[in-house]
Amino acid sequence: MVDCAVQHGDRVLVYDYRDFINDWATPCDMLMRPATVVCRYGKVVDYGSGPCYYPDLVDVVFDHRPGVVSCGHFTDRVVL
């Protein structure tokens, strides 16, 4: 996992859920894709029971999807 040093421009591996087909065709280790961090931030989300603060998220651009920013990945699940 990553430490607090991840920042804009870092090359990382990030789970890309959009490529999931099923557990046999796409095991979790195949879904860790190379990407570049474009932003690191915290976020407040309200799920109806009150606001929850997610203090450490990153937005990334995946190598296989270069024109799209993928938002809201938990920093502690990013592999540096």
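Colleague: What makes strand 2 and strand 3 a hairpin in this predicted model?

Modeller: Four residues lie between strand 2 and strand 3. In the turn, Gly-48 has a positive phi of about 100 degrees. The two strands, residues 32-46 and 51-62, run antiparallel.

Colleague: How do you know that strand 2 and strand 3 pair?

Modeller: Pairing takes at least two bridges. Strand 2 and strand 3 have 10 bridges, so they count as paired.

Colleague: What pairs with strand 1?

Modeller: Strand 2 does, in the antiparallel sense, over five bridges. The cut-off is at least two, so this is a pair as well. Val-14 has Arg-33 in strand 2 as its bridge partner.

Colleague: Why is Thr-75 called buried?

Modeller: Its relative accessibility is 1%. Buried means under 20%, so Thr-75 qualifies. Thr-75 sits in the segment after strand 4.

Colleague: What does the side chain of Thr-75 reach, and what makes that a polar contact?

Modeller: The side chain reaches the backbone nitrogen of Leu-57 at 3.5 Å.

Colleague: Which elements give two or more residues to the lining of the largest pocket?

Modeller: The pocket has a volume of about 200 Å³. Strand 1 (11-15) and strand 4 (69-74) are those elements. Strand 4 gives the most, with four residues.

Colleague: How do the lining residues divide into nonpolar, polar and charged?

Modeller: Seven are nonpolar, two polar and one charged. Among the lining residues are Val-14, Met-32, Phe-74 and Arg-77. Arg counts as charged, so Arg-77 falls in that class.

Definitions and conventions:
Residues numbered from 1 in each chain as written. Predicted model: local features only at pLDDT ≥ 70, side-chain atom pairs only at ≥ 80, totals over all residues. Heavy atoms only, no water. 1 Å grid on protein atoms, 1.4 Å probe; cavity = no way out; pocket = protein on both sides within 12 Å on 5 of 7 lines; lining within 4 Å. Points joined across faces, edges and corners; volume = space filled by probe spheres on them. Buried < 20%, exposed > 50% of the residue type's maximum accessible area, 1.4 Å probe, protein only. Polar contact = N/O pair within 3.5 Å; in protein donor to acceptor, adjacent residues only side chain to side chain.
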